[in-house]
Amino acid sequence: MMQGCENALVETLPRRAPRVAYRSGKVAAALAEPGTLAVFGFGSGTAAEEDPRWFRVALESFDAPAPLELWQVDAEVSHGRDGAVRWAAGGGWLFAAVELDEADHGGPGGAATCAYQELRRLVECRAERHVLRVWNYLEAINQGEGDAERYKQFCEGRAAGMGSFFAEGFPAATAIGHHGPAGRLQVYVLACDQPGERVENPRQVSAWCYPRQYGRTPPSFARAMLLPAQDALAISGTAAVVGHASAHGDDLQAQLEETFANLEALLAQGRLAPGFDTQSPLKTYVRHPADAAQVREFIARRLPGVPVLLLHGDICRSELLVEIDGWRYA
Ligand code: 3EB
């Protein structure tokens with residue numbers, strides 16, 4: 001009787017956010033720690049591991065050696081594989097990831113459709129069916145002209161694969177181009193058994209309302225997601241977009257300033273105090289390796305002590321030079 005009451009009470013408490021951190025060390029040791037939901041490595045130099053919680057992101061890091069990214073929860077974690085999907089779950093949280101070869105699916109659109117269908121198939125029959133945050137990494141993202149650009153094909157395929165699953169609202173997301181294996185599509189998600197609260201940026205047109213010039217199917221993502229206990233804001237890929245337009249053409253410094261203005265706007269909209277801190281890791285995606293040093297310098301000055309991972313990645317509009325995503329804990 002008492003036991004039953006306690007369980008009912010626990011289930012109604014908001015789920016505390018997973019801890020996300022960068023750190024050096026061995027993959028096996030990170031996987032062996034209690035509560036490890038996922039471990040990410042960056043670039044081709046990282047180890048191969050069989051554990052479904054291990055994920056090698058196809059983006060090279062400008063930090064050598066690249067750190068690991070760890071997701072940890074205060075609960076026991078189980079894990080497995082289901083078709084193309086690898087997953088891990090614990091404490092109401094779910095990590096799920098899929099990697100596909102576009103050649104098996106007729107291109108970036110077909111691969112995106114399949115990836116989202118596979119992920120849906122898993123989360124639909126689990127308690128953790130609220131997909132709060134998604135990362136998408138595809139190769140040669142800006143290749144192709146007009147509506148044939150690979151990112152736009154990806155957006156069409158993603159929307160088809162999502163179907164009506166996100167009818168109440170899209171997850172927060174990142175979509176970045178990698179320079180790894182040709183045609184490799186990587187998609188991974190964080191889901192929960194409780195919903196989050198979507199946050200938009202008043203300085204920007206919501207992505208799903210972008211005008212026709214950006215493609216037949218507008219991108220399906222929210223600008224940020226407040227996690228169930230409102231103890232963390234998951235921030236989508238954020239760039240120098242104002243309204244719906246890209247700002248500051250080829251001016252890296254100005255794009256960085258605009259990106260920070262957008263990040264601050266998201267914190268305010270999420271009812272969080274301004275600024276970032278040593279507990280709130282960010283990823284910076286840099287298009288041109290030659291810009292990495294300048295980006296690093298800017299970040300060190302504007303965000304002293306903030307854990308920042310600098311990655312070589314292409315932003316989904318060819319005029320954008322830099323994009324930032326990450327976490328802000330309350
Ligand atoms: C933008 O503001 C920049 O397609 O999932 C940022 C975050 C961007 C996510 C996505 C795209 C996506 O439109 C691009």
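1. The lining of the second largest pocket in this predicted model comprises eight nonpolar, two polar and three charged residues. The volume of this second largest pocket is about 200 Å³. It is lined by 13 residues, and those closest to its centre are R15, R16, D74, G91 and W93.

2. The largest pocket has a volume of about 380 Å³. Its lining consists of 26 residues, of which Y151, Y210, P219, C316 and R317 are the closest to the centre. Two or more lining residues are given by each of the elements α4 (150–162), β10 (172–178) and β14 (232–238). The largest share comes from α4, with four residues.

3. By class, the lining of the largest pocket contains 12 nonpolar residues, together with seven polar and seven charged ones.

4. A separate point concerns P108, which lies in helix α3, spanning residues 108–124. Is this residue P108 buried or exposed? P108 counts as buried because its relative accessibility is 5%, and the cut-off for buried is under 20%.

5. As to the surroundings of P108, its contacts, leaving aside neighbours within four places in sequence, are E102, R150, Q153 and F154. Helix α4 covers residues 150–162, and R150, Q153 and F154 are among the contacts of P108.

6. For spatial reference, P108 and D82 are separated by 26 residues in sequence. Their C-alpha atoms are 22 Å apart in space.

Technical notes
Residues are numbered from 1 along each chain as its sequence is written. This is a predicted model: local features need pLDDT of at least 70, side-chain atom pairs count only at pLDDT 80 or more; totals for chains, interfaces and linings use all residues. Side-chain values use heavy atoms; hydrogens and water are left out. On a 1 Å grid over the protein atoms alone, a cavity is a set of points where a 1.4 Å probe fits but cannot get out, and a pocket is an open set with protein on both sides within 12 Å along at least five of seven lines; lining residues have an atom within 4 Å of a point. Grid points are joined across faces, edges and corners, and a volume is the space filled by probe spheres set on the points. Ala, Val, Leu, Ile, Met, Phe, Trp, Tyr, Cys and Pro count as nonpolar, Asp, Glu, Lys and Arg as charged, and the others, Gly among them, as polar. Buried means under 20% relative accessible area, exposed over 50%, partly exposed in between (1.4 Å probe, protein chains only). Contact means heavy atoms within 4.5 Å.
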